[in-house]
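The sequence and structure are shown first.

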Amino acid sequence: MTTQGRARFIIDPHSKPAFTRFSRLHEDRARVRFVILAPERAYEIDAISLAVLRLIDGDTTVTAIAARLAAQFSAPLDVVTRDVTTLLQGLADKCLLRDGPDAFAPPPLSSRARAYGSFAGGPAGLLAELTHRCPLQCPYCSNPLELERANVELSAAEWGETFRSAAAIGALQLHLSGGEPTLRRDLEEILQHAVDAGLYTNLVTSAVMLTRERLETLAEIGLDHVQVSIQDVDPATADRVSAYEGGVAKKRDVASWTRELGLGLTINAPIHRQNIDHLPEIIDFAVEVGAQRLEVAHIQYYAWAEKNRAALIPTREKFLESASVVDAAKARLKGVLNFDFVIHDHYATRPKTCTGGWGRSIIAVTPSGKALPCHAAQTLPGLAFDNVRDRDLGDIWRNGSAFNAFRGTDWMKEPCRSCDRREIDLGGCRCQAMAVTGDPAATDPACHLSPEHARFAGLAEVEAHAPPPTFIYRRIGGAVTRESTPESP
């Protein structure tokens with residue numbers, strides 16, 4: 001496994017730390033606190049950490065920072081030096097610091113963004129599905145089976161109002177997604193609205209439609225971070241999974257441009273039976289292009305992935321092997337590449353807290369403006385989704401019937417209702433419960449306490465050991481079945 005691409009930044013007395021172009025201190029006015037904004041993260045910090053981080057500028061050494069703080073707080077210099085070094089090394093290992101000043105700088109907060117007031121219990125992020133159009137046809141796409149067409153999409157001005165409303169109720173992170181967001185000809189205008197709203201901007205893209213010139217323009221406007229999704233690093237497999245030729249080379253180019261422009265870079269790798277054997281090479285790819293983060297995400301089976309489950313589920317043995325590969329890479333690449341590893345639900349014993357809890361941390365808005373508690377919520381029957389064209393986003397968040405349907409714990413049935421983890425996993429995924437049991441209020445079948453857990457796990461064991469069927473490809477206007485060859489040996 002290669003470690004080329006970037007070296008770990010070791011903090012020493014002579015280091016001159018500074019935030020990277022894609023991380024920064026931010027006053028979270030809705031929650032009356034300071035945070036570090038970073039790719040798809042907001043790290044809360046205490047008052048002492050804030051005092052340290054206000055002094056890092058790329059010109060001041062760790063020794064000078066510690067001396068200033070020791071004098072300010074009348075504390076022993078050796079103790080302060082140790083604590084400062086520990087704090088900064090932790091941030092450096094998250095790839096948020098650099099040695100010396102960055103040539104790039106984010107635009108200053110607008111007067112609008114500086115004027116937001118407090119808002120209790122607001123969302124942390126907004127997933128903006130700008131369009132469902134996409135040149136790729138991935139059989140695990142999380143978009144709904146009924147894809148929305150271009151003629152119903154929100155305008156740039158409507159997205160701008162949505163961004164400002166989201167920021168005013170506490171959203172920090174904005175995920176510009178799709179479909180493929182770069183198919184929007186007005187993406188630059190949309191991004192300008194996001195920057196003006198004071199949101200940290202993440203472009204979630206397949207990358208195949210981006211040019212360097214357009215990426216440079218987006219960076220100049222104030223884009224913070226790019227997440228490039230890959231289907232595989234083996235060109236033949238990637239082309240077959242995406243039903244798009246030549247994607248790997250283009251993704252490599254876009255990833256390299258992203259790093260050259262100083263933007264944050266995440267490689268997102270959905271993992272399944274037809275690419276799982278290439279996981280070591282996928283990790284190498286992320287290192288080679290200079291990514292700071294790699295998402296190794298075993299697919300969750302709803303929407304298009306549910307239709308293709310038998311073609312995508314790996315064996316339990318392959319899943320466990322992938323976990324070992326990631327664990328080894330985490331140790332090997334500390335301070336070089338950070339990992340998000342999403343486990344396979346069919347081989348779990350406890351459910352994940354879906355999107356941080358229903359109606360707790362995320363708002364998803366569809367291309368036509370429907371506000372959802374999670375991006376797959378439309379798979380649940382009986383929910384009414386408000387539209388941002390018709391109702392204020394803050395009112396939807398607090399009072400919308402869909403957002404309150406599974407918020408908290410009162411809706412839970414047994415065994416969730418009396419489980420000592422009910423406030424931890426919040427019952428798991430409602431969409432998965434619906435897909436497997438037909439009841440969105442049922443316990444997530446990933447949980448070993450679910451009466452459906454044995455059937456859920458057994459289904460995977462059967463399908464994973466059978467020859468994979470042909471893919472049903474995602475596309476607007478209806479599903480298409482094409483031949484897909486078996487997974488690599």
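The description rests on a predicted model. Strand S3, residues 33–38, pairs with S4 in the antiparallel sense, and 4 bridges join them. These strands belong to an open sheet of 3 strands, ordered S2-S3-S4, with antiparallel pairing. Strand S2 (24–28) and strand S4 (41–44) are its edge strands, each pairing on one side only. From one strand to the next, the twist averages 40°.

A second open sheet contains 9 strands in the order S12-S11-S10-S9-S8-S7-S6-S13-S14, and its pairing is mixed. Its edges are S12 and strand S14 (371–372); each has a single partner strand, so one side of each lacks a neighbour in the sheet. Inside this order, strand S8 (residues 200–205) and strand S9 (residues 225–229) run parallel and are joined by 4 bridges. Thr205 stands opposite Val228 of S9.

Two helices are placed against this sheet. Helix H8 lies across S9 and S10, at about 150° to S10. Helix H9 packs on the sheet and touches S10, S11 and S12, with a direction that makes about 170° with that of S10.

How many of the 10 residues of helix H9 are buried? The number is 7, so H9 (residues 279–288) is largely enclosed by the rest of the structure. The buried residues are Leu279, Ile282, Ile283, Asp284, Phe285, Ala286 and Val287. They pack against helix H8 (247–260), strand S10 (264–271), strand S11 (293–298), helix H12 (316–332) and strand S12 (338–342). Just after H9, Gly290 adopts a positive phi of about 80°.

Ser110 is located in the loop between strand S5 (97–99) and strand S6 (125–129). Its relative accessibility is 14%, and Ser110 therefore counts as buried, the cut-off being under 20%. The side chain of Ser110 has the following polar contacts.

| Side chain | Backbone atom | Distance |
|---|---|---|
| Ser110 | nitrogen of Ala113 | 3.1 Å |
| Ser110 | oxygen of Asp196 | 2.5 Å |

Definitions and conventions: Residues numbered from 1 in each chain as written. Predicted model: local features only at pLDDT ≥ 70, side-chain atom pairs only at ≥ 80, totals over all residues. Heavy atoms only, no water. Pairing = 2+ DSSP bridges. Axes fitted to C-alpha atoms, helices over the stretch in contact; angles between N-to-C directions. Buried < 20%, exposed > 50% of the residue type's maximum accessible area, 1.4 Å probe, protein only. Contact = heavy atoms within 4.5 Å. Polar contact = N/O pair within 3.5 Å; in protein donor to acceptor, adjacent residues only side chain to side chain.
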